[in-house]
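Subject: The structure for you to look at

Hi there,

Here is the structure I promised to pass on. Please open it and keep it in view while you read; my notes follow below.

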Amino acid sequence: RKKPTLARFAAWLYSFVQPSAEAPAAAPRWDAAAGVWLGNRAAGGVEVPDPLWIFGYGSLCWRPDFPHEETLVGRCSGWGRYFAQRSCDHRGTPSSPGLVATMISDAQLEAKGLREPGEPPSTTCGLCYRVGADDVPRVLANLDFREKGGYTREVVQVQPARPGAPPVRALVYSATCDNPLFSPVMLADPAAAALTIASAHGPSGANRDYLESLAAWLREVGEEDAHVAALMRLLPPR
């Protein structure tokens with residue numbers, strides 16, 4: 001029988017003293033007025049990878065805001081990054097939502113008729129963080145709160161950009177096509193998306209700062225993202 005690791009034991013122990021770090025319910029309910037999941041935390045109850053790697057593809061690329069022991073730039077195949085998630089709690093408000101990134105699988109988009117079957121697999125480049133065992137429960141609780149605006153826990157395989165490095169299993173927060181704030185209209189109309197990004201503002205700051213910071217990070221690591229680049233071209237001047 002496999003011996004429990006320190007990370008699993010810490011997560012089990014923490015669940016008794018801090019319920020907010022427990023895995024969210026499988027069938028979350030929506031707070032339409034606030035534009036977040038009820039309970040103010042992300043949805044999903046997938047098994048947490050051990051060791052815990054977190055894959056960031058949006059603001060986590062430049063503002064992780066949690067303790068970690070190792071980072072690596074990596075790519076996730078079969079998933080694309082799209083500015084198709086309306087934001088009421090970070091880069092917009094319930095009355096004037098902003099637009100932030102989500103990472104959606106090709107299979108999800110094909111099932112919704114938003115992607116043609118047979119297209120080459122999408123790839124998303126992001127930043128992976130390895131979280132120390134003692135920090136796992138606290139980091140998960142904080143990220144679940146941060147990603148409460150329609151996001152769900154998923155587990156993906158990430159291939160490090162460094163040649164020869166083995167792949168890692170990582171937890172990712174994805175706003176799927178079925179969450180209430182997903183916008184297929186913005187996905188299909190980059191010009192409209194850019195106008196929303198240019199004008200929206202929320203508790204975490206200007207929406208355009210989010211897009212520009214992501215574009216800057218991608219340039220820094222030498223990666224191309226056609227969707228992000230198109231939005232940058234369409235973004236009106238300040």
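This is a predicted model: local features need pLDDT of at least 70, side-chain atom pairs count only at pLDDT 80 or more; totals for chains, interfaces and linings use all residues.

In strand 9, Arg169 stands opposite Gln157.

Stepping back to the whole chain, you will find 7 helices and 11 strands. Of the 238 residues, 49% are buried. The accessible surface comes to about 11500 Å², and carbon and sulfur atoms account for 54% of that area. I also looked at how far apart in sequence the touching residues are. Taking contacts between residues at least 6 apart, 72% of them join residues at least 24 apart.

Now for the empty space inside. Rolling a probe the size of a water molecule over the atoms shows where empty space is left. How many cavities of 30 Å³ or more does a search of the whole structure find? The search gives 1. The largest cavity holds about 290 Å³ of space, and 23 residues line it. To find its centre, look for Ser59, Ala101, Glu147, Tyr151 and Tyr210, the lining residues that lie nearest to it. Strand 3 (52-56), strand 5 and strand 6 (98-105) each supply at least two residues of this lining. Strand 5 gives the largest share, with 3 residues. By residue type, the lining of the largest cavity divides into 9 nonpolar, 8 polar and 6 charged.

There is also a pocket to show you. The second largest pocket has a volume of about 200 Å³ and a lining of 13 residues. Thr123, Thr124, Glu224, Asp225 and Ala226 are the ones nearest its centre. Two or more lining residues come from each of strand 5 (79-87), strand 7 (123-131) and helix 7 (226-234).

Next, please look at helix 3, which spans residues 136-146 and is mostly covered, with 8 of its 11 residues buried. Those buried residues are Val136, Pro137, Val139, Leu140, Ala141, Leu143, Asp144 and Arg146. Ala141, which is found in helix 3, has a relative accessible area of 14% and therefore counts as buried, the cut-off being under 20%. The C-alpha atom of Ala141 is separated by 8.1 Å from that of Arg41, although these residues are 100 apart along the chain.

A few loop residues are worth a click as well. Ser183 sits in the loop between strand 9 (168-174) and helix 4 (184-188). Is Ser183 buried or exposed? Ser183 counts as buried because its relative accessibility is 7%. Leaving aside residues up to four places away in sequence, Ser183 touches Ala84 and Arg86.

The loop between strand 2 (36-37) and strand 3 contains Pro51, which is joined to Asp50 by a cis peptide bond with omega of about 5°. Asn40 has its place in the loop between strand 2 and strand 3 too. Although Asn40 is not a glycine, its phi is positive, about 55°. Asn40 is partly exposed, with a relative accessible area of 38%.

Asp65 belongs to the loop between strand 3 and strand 4. Asp65 has a positive phi of about 60°, and it is not a glycine either. With a relative accessible area of 65%, Asp65 is exposed.

Those are my notes. Do write back with any questions once you have had a look.

Best wishes

Key:
Residues are numbered from 1 along each chain as its sequence is written. Side-chain values use heavy atoms; hydrogens and water are left out. Buried means under 20% relative accessible area, exposed over 50%, partly exposed in between (1.4 Å probe, protein chains only). Helices (H or I, at least four residues) and strands (E, at least two) are DSSP runs, numbered from the N terminus. On a 1 Å grid over the protein atoms alone, a cavity is a set of points where a 1.4 Å probe fits but cannot get out, and a pocket is an open set with protein on both sides within 12 Å along at least five of seven lines; lining residues have an atom within 4 Å of a point. Grid points are joined across faces, edges and corners, and a volume is the space filled by probe spheres set on the points. Ala, Val, Leu, Ile, Met, Phe, Trp, Tyr, Cys and Pro count as nonpolar, Asp, Glu, Lys and Arg as charged, and the others, Gly among them, as polar. Contact means heavy atoms within 4.5 Å. Accessible areas come from the Shrake-Rupley method with a 1.4 Å probe; for residues, only the protein chains shown count as cover. Two strands pair if DSSP finds at least two bridges between them.
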